[in-house]
Amino acid sequence: VTGPQMASQLRKLVEALNKGEIPSIKSVTESFNDEVISRVLQKYQKQCTRLLLPMDEAALKKAHIAFETEAFQTFMNEKFGTKTDTTKLKDRIQDVHVWLVDKNRLASKEKCEVLHMNCGDTMESLQLMSLPSMKRFDNLF
């Protein structure tokens with residue numbers, strides 16, 4: 001290989017690296033860790049969907065903290081690299097948590113509406129009842 005050929009090959013290699021056509025160690029590591037994040041997030045979502053809603057907000061927060069802690073522990077055990085940023089996982093878990101809180105509020109609202117309607121129906125039926133007169137009551141007892 002001559003000097004100009006070597007320079008040409010290096011130029012092509014640098015251009016390919018700059019365009020991202022040749023995977024670097026960083027891109028391979030990020031790809032692997034993205035897959036770990038995806039699996040951890042799927043497990044977190046599955047745990048959240050198993051919760052019986054509506055539930056008390058304190059209990060929901062406690063469940064979220066337990067699921068989040070487990071997710072981060074799993075990620076830290078399975079990730080590749082020592083200096084791995086957990087921001088992406090944290091942001092995605094937060095998105096799912098916000099969705100879960102909204103879903104819990106909606107389920108609570110729907111349950112309250114059903115109870116309110118039942119209460120209204122009961123009150124209507126009670127108003128239609130006729131009470132015995134005092135004279136009739138005294139005669140019976």
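**Notebook: pocket, aromatic pairs and cysteines**

The model is predicted: local features need pLDDT of at least 70 and side-chain atom pairs pLDDT 80 or more, whereas totals for chains, interfaces and linings use all residues. Residues are numbered from 1 along each chain as its sequence is written, and side-chain values use heavy atoms, with hydrogens and water left out.

**Pocket**

I noted 15 lining residues for the largest pocket, with Glu 30, Asn 33, Lys 83, Thr 84 and Asp 85 nearest its centre. A pocket is here an open set of points on a 1 Å grid over the protein atoms alone, where a 1.4 Å probe fits, with protein on both sides within 12 Å along at least five of seven lines; lining residues have an atom within 4 Å of a point. Its space comes to about 240 Å³, the volume being that filled by probe spheres set on points joined across faces, edges and corners. Helix α2 gives the largest share of the lining, six residues, and α2 and α4 each supply at least two. Helices are DSSP runs (H or I, at least four residues), numbered from the N terminus.

**Aromatic pairs**

I found two aromatic pairs in the structure. Rings of Phe, Tyr and Trp (its six-membered ring) pair if their centres lie within 6.5 Å, and planes over 60 degrees apart count as edge-to-face. Phe 32 and Phe 80 pair edge-to-face, at 6.2 Å centre to centre and 75 degrees between the planes. Phe 32 belongs to helix α2 (residues 25-49) and Phe 80 to the loop between α3 (57-78) and α4 (87-128), 48 residues apart. Phe 32 is partly exposed at 36% relative accessibility, and Phe 80 is partly exposed at 49% (buried means under 20% relative accessible area, exposed over 50%, partly exposed in between; 1.4 Å probe, protein chains only).

Tyr 44 and Phe 67 also pair edge-to-face, at 6.5 Å and 85 degrees. Tyr 44 lies in α2 and Phe 67 in α3, so this pair ties together parts 23 residues apart in sequence. Tyr 44 is buried at 0%, and Phe 67 is buried at 15%.

**Cysteines**

I searched the whole structure for disulfides (cysteine sulfur atoms within 2.5 Å) and found zero. Cys 112 is partly exposed at 49%, whereas Cys 48 is buried at 1%.

Definitions and conventions. Rings of Phe, Tyr and Trp (its six-membered ring) pair if their centres lie within 6.5 Å; planes under 30 degrees apart count as stacked, over 60 as edge-to-face and the rest as tilted.
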